[in-house]
Structures are given as C-alpha cells and as structure tokens.
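Good morning, everyone. Please take a moment with the sequence and the structure, which I shall now bring up on the screen.

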Amino acid sequence: MRRLKTTILALSFLTSYSAKATVSALSDVVIPYKTIQSDEICLMKQKMIAEFGIPLGSLMEGILEENQVRQQILGGGSFFTNINLLAEGTKISSTYISDNYTADEIWEYEFALDFAAVAALNGPSVAGRQKTIDRAKLAVISILNTAELTFGARKFRITLNLNNLPSQAGLTGNTVFPTTSFPYTSSSPVLAGYEAELLSASCPAL
C-alpha cells in the first residue's frame, strides 16, 4: 500500500513538474518539539497546504517556519504559541539549488541553509554556539524525515549546504559538516548519530 501511494505521489509530482504547473495538497511535514512535562525533544507530523511545483522545495517552508498551536490557560487568556524548535526566535533561511528525478526513481535535491540569523541570536558563547549547532542537527533530522515520509525510504538523496555556522570548538556531540562528500539518505550514519544524540528514546513513532 505504501509503494502504491509513493508511485501515485511520484506520478502526480512528475506531471506537475513536466507541465510546469502546480498542484495544491494537504501534506505532512516533520518538525522537532519539546515535550511539555519532561522537556525532551521528539518529532511530530504537522500539516501544511503545499502548492507543489518542486515537492521538497514546497515542504521546506513548513519544516522551517513557526508552527502555532493553541495553549490553553485555565481561567482565560489562552493564546497561540510556536512549538517548532527550528523557528524559535528567528528563522533559518533556505535556498533551493537543484532537483532531479533519476531513471532508478530516486528524488535528488540540493538546498542551502543559512544560520547567520540563528548564530547572531544565540551569540558566540559556548552555550550559544551549542544551541546553534544543535538547531542545525535538528534541521537535518527534520528535512530527511520529511523526505522519507514523502518519498519513502531509500528513495531520495539530499545535499544540504549549511552556511554561516559558528565554530564548533569546545562543543559536545556529533560534528556538523557544512557540506558532506555524499548526499544524505534515510540510512546516513550522520543522520543516525544526530537522532541518537538529540531525540528521546521514549518519543512516539511518527
């Protein structure tokens, strides 16, 4: 059933792409959030209405923008608040570079992500640089999980250029590479390392 869904999705995207038209759809994106009681980081699927021309290019906006949910306050004063950790305080800028659909049915994409505003917000201290680097890891995690949700495992290769990252000297955890020798896939060891480091083992499945 999953393969049939992926095939239909690919055909609709390719028809749209080849005709240089757009197709609007209610789609899933993956964002990181903190659990309320334990403050652990998990992933969740959220909805966006995407106007597909370049599929992952459209979904990037939902991944990186604020995701507002209602926060209820007993006695009144309830309000909407952002839960997307990728959009706390300031935005990660994303630039589409290229895409391709190969003969062996693999979706290939390249994007540049700019962390200049995030680095400026968090500052040059060890704690500030750690926050920026951790957000870069969460961005990679969310983008690749969205790609897997959209295209299927082993059906995509994504190159991410992470620009204006701060120095990682003295920081803990896995190194973030401004670019990698090979595109990211669903089985990338770098992705597995980021997920093991930052995501709680008790998170619900997507």
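How many aromatic pairs does the structure hold? Before I reply, please note that we are looking at a predicted model. The count of aromatic pairs in the structure is five. I shall discuss two of them.

Let me first recall how such a pair is described. For two aromatic rings, one gives the distance of the centres and the angle of the planes.

Consider Y101 and W107. The centres of their rings lie 4.5 Å apart, and the planes stand at 50°. Planes under 30 degrees apart would count as stacked and planes over 60 as edge-to-face, so this pair is tilted. Which of these residues is buried, and which is partly exposed? W107 is buried, because its relative accessible area is 6%. Y101 is partly exposed, with a relative accessible area of 25%.

The second pair is formed by Y109 and F111. Here the ring centres are 5.9 Å apart and the planes meet at 15°, so the pair is stacked. Y109 and F111 are both buried.

One aromatic cluster is made up of Y96, Y101, W107, Y109, F111 and F151. Please keep F151 in mind, as we shall meet this residue again.

I now turn to the helices. Two packed helices are described by the angle between their axes and the distance between the axes. Helix α2 spans residues 55–64, and helix α4 spans residues 126–151. Their axes come within 11 Å and cross at roughly 130°, which means that α2 is oblique to α4. The crossing of these two helices is right-handed.

Which residues of α2 and α4 meet? From α2 come P55, L56, L59, M60 and I63, and from α4 come S142, I143, T146, A147, T150 and F151.

Finally, let us view the whole chain. The secondary structure of the protein chain comprises five helices and seven strands. Starting at the N terminus, the elements follow the order α-β-β-α-β-β-β-β-α-α-β-α. Of the 206 residues in the protein chain, 43% are buried. As for contacts between residues at least 6 apart in sequence, 62% join residues at least 24 apart.

Thank you for your attention.

Methods:
Residues numbered from 1 in each chain as written. Predicted model: local features only at pLDDT ≥ 70, side-chain atom pairs only at ≥ 80, totals over all residues. Heavy atoms only, no water. Axes fitted to C-alpha atoms, helices over the stretch in contact; angles between N-to-C directions. Helix = DSSP H or I, 4+ residues; strand = E, 2+ residues; numbered from the N terminus. Parallel < 35°, antiparallel > 145°, perpendicular 65-115°, else oblique. Left-handed = near helix turned anticlockwise from the far one by under 90°. Contact = heavy atoms within 4.5 Å. Phe/Tyr/Trp six-rings, centres within 6.5 Å; stacked < 30°, edge-to-face > 60°. Buried < 20%, exposed > 50% of the residue type's maximum accessible area, 1.4 Å probe, protein only.
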